[in-house]
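Here is a short briefing to read alongside the sequence and the 3D view. Have a look at both, then work through the points below.

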Amino acid sequence: MGDGSSQLAAEVAGGEDGAIFVAGKPTESPLCVLISKPKGDPDIMPANGDPLTPEQIGLVAKWIEQGAVLPETLPDISTLGAPTPVSSPAAAAGSEAEA
């Protein structure tokens with residue numbers, strides 16, 4: 001099983017429309033343009049689900065501005081298993097207090 005870096009590299013390189021981001025230039029990066037579109041815009045990313053928050057968009061823009069450095073390899077997350085659901089915020093707080 002691969003580490004996913006080949007898939008990531010292919011996605012970063014882009015397809016017919018070119019690269020998904022331009023390192024150092026968030027305003028010229030299709031990724032930043034698409035995630036910054038207003039809710040309801042047919043081109044907004046992610047296409048499904050809630051739009052990113054301004055804070056999340058800012059983090060992506062900052063990462064691109066700083067050069068968009070990617071890791072050499074990605075961890076194999078297939079061995080982590082499914083997350084354990086939390087029944088309530090109080091239960092989550094209790095488990096953190098015990099740790």
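The notes that follow go from the whole chain down to one pair of aromatic rings.

Please keep in mind that this is a predicted model. The protein chain has four helices and zero strands, and a search of the whole structure turns up one aromatic pair.

**Overall fold**
- Read from the N terminus on, the elements of the protein chain follow the order α-α-α-α.
- Among contacts in the protein chain with a separation of 6 or more, 52% are between residues 24 or more positions apart.

**Surface and burial**
- The protein chain has 99 residues, and 10% of them count as buried.
- Its accessible surface comes to about 7500 Å², and carbon and sulfur atoms contribute 59% of that area.

**The aromatic pair**
- Phe21 and Trp63 are the two partners, with 5.1 Å from centre to centre and 65° between the planes.
- This pair counts as edge-to-face, because an angle over 60 degrees puts it in that class.
- The pair links distant parts of the chain, as its two residues are 42 residues apart.
- Phe21 lies in the loop between helix H1 (5-13) and helix H2 (30-35), while Trp63 belongs to helix H3 (residues 54-65).

**How covered are the two partners?**
- Phe21 has a relative accessibility of 11%, so this residue counts as buried.
- Trp63 has a relative accessible area of 30%, so this residue is partly exposed.

Definitions and conventions: Residues numbered from 1 in each chain as written. Predicted model: local features only at pLDDT ≥ 70, side-chain atom pairs only at ≥ 80, totals over all residues. Heavy atoms only, no water. Phe/Tyr/Trp six-rings, centres within 6.5 Å; stacked < 30°, edge-to-face > 60°. Buried < 20%, exposed > 50% of the residue type's maximum accessible area, 1.4 Å probe, protein only. Contact = heavy atoms within 4.5 Å. Areas by Shrake-Rupley, 256 points an atom, 1.4 Å probe, with all protein chains shown as cover.
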